[in-house]
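Welcome! Try each task yourself before reading its solution.

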Amino acid sequence: MILYSANDMVKAGTNDCRGCSQCCRGMGDSILLDPYDIYMLQTATGQTFSQLLQEKIGLHVEEGLILPAMKIQEDTDACGFLKEGRCSIHDYRPGLCRLFPLGRNYDEQGIRYFMLDDACSAGNRTKVKIKKWLDVERLPRYEEYLIVWHDIRKNIQQKIMERKSDEYTHQVNVAFLEIFYQMPYQVQQDFYPQFEQRCQSEKAAGICGR
Ligand code: SF4
Ligand code: SF4
């Protein structure tokens, strides 16, 4: 697998997708949402996490940890934000939607990117710089946050797997969802200090062991 940095060029350019919306359909609950995604969805829709859960997003369990994910709508088998074949929240779309057809790799060098083979049906893809493709504000800060978030998730998942206790798993999940997702983010304010504050809270220390 070839790994790229954000400054590298890759053949990911889909020519504006030209009427294709394949990766917004039938994707199950694979588009997992991190706290920054929720902050962006709250900004785009004005809805709280609980309101988003009523229709647009669902919950997915991965290695014992409950994580929000985009929800397929029963009538269309597509993401609820897909309107007339286009993403209706394009500027606020989740990180995994921005990435596609790329994936993220976490290692000692931080975040690097790779092409997802055969994931996108667009022919004649053009070369594009990854950071331009992602179109995320303050990308170095975003990547820094993603690394912290990745560590938190992995740390909690490891504890859940080690303890093998339903009660512990339940307690951790309730606290995890409350700290990082349910407590509304102040969308008029910068996301990152809010996230850091939550990471440093006593409650987070209890579940993250940080
Ligand atoms: S499959 Fe490729 S071309 Fe189709 S919507 Fe997804 S990224 Fe765009
Ligand atoms: S948020 Fe937008 S880009 Fe992501 S799956 Fe939904 S419609 Fe597609």
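**Exercise 1: One residue and its partners**

Task: Leaving aside neighbours within four places in sequence, which residues is Ile-156 in contact with?

Solution: Two residues are in contact if their C-beta atoms, placed from the backbone, lie within 7 Å. Ile-156 then meets Leu-65, Val-172 and Phe-176, and also Ile-207 and Cys-208.

A word on the source: this is a predicted model, in which local features need pLDDT of at least 70, side-chain atom pairs count only at pLDDT 80 or more, and totals for chains, interfaces and linings use all residues. Residues are numbered from 1 along each chain as its sequence is written, while chains are lettered from A and ligands numbered from 1 in the order in which they are written.

**Exercise 2: The core**

Task: How many residues does the largest nonpolar core have?

Solution: Start with the terms. A residue is buried if 20 or more other C-beta atoms lie within 10 Å of its own; a nonpolar core joins buried Ala, Val, Leu, Ile, Met, Phe, Trp, Tyr and Cys residues through C-beta atoms within 7 Å. The largest such core has 28 residues, and Ile-38, Ala-69, Met-70, Ile-156 and Phe-176 have the most contacts inside it. Among the elements that each supply at least two of its residues are α5 (139–163) and α6 (166–182); helices (H or I, at least four residues) and strands (E, at least two) are DSSP runs, numbered from the N terminus.

**Exercise 3: The whole protein**

Task: What share of the 210 residues counts as buried?

Solution: The buried share is 19%. For the overall fold, count eight helices and eight strands. Finally, the C-alpha atoms fill a box of roughly 50 × 40 × 35 Å along the principal axes.

Notes:
Buried ≥ 20, exposed ≤ 12 C-beta atoms within 10 Å, placed from the backbone.
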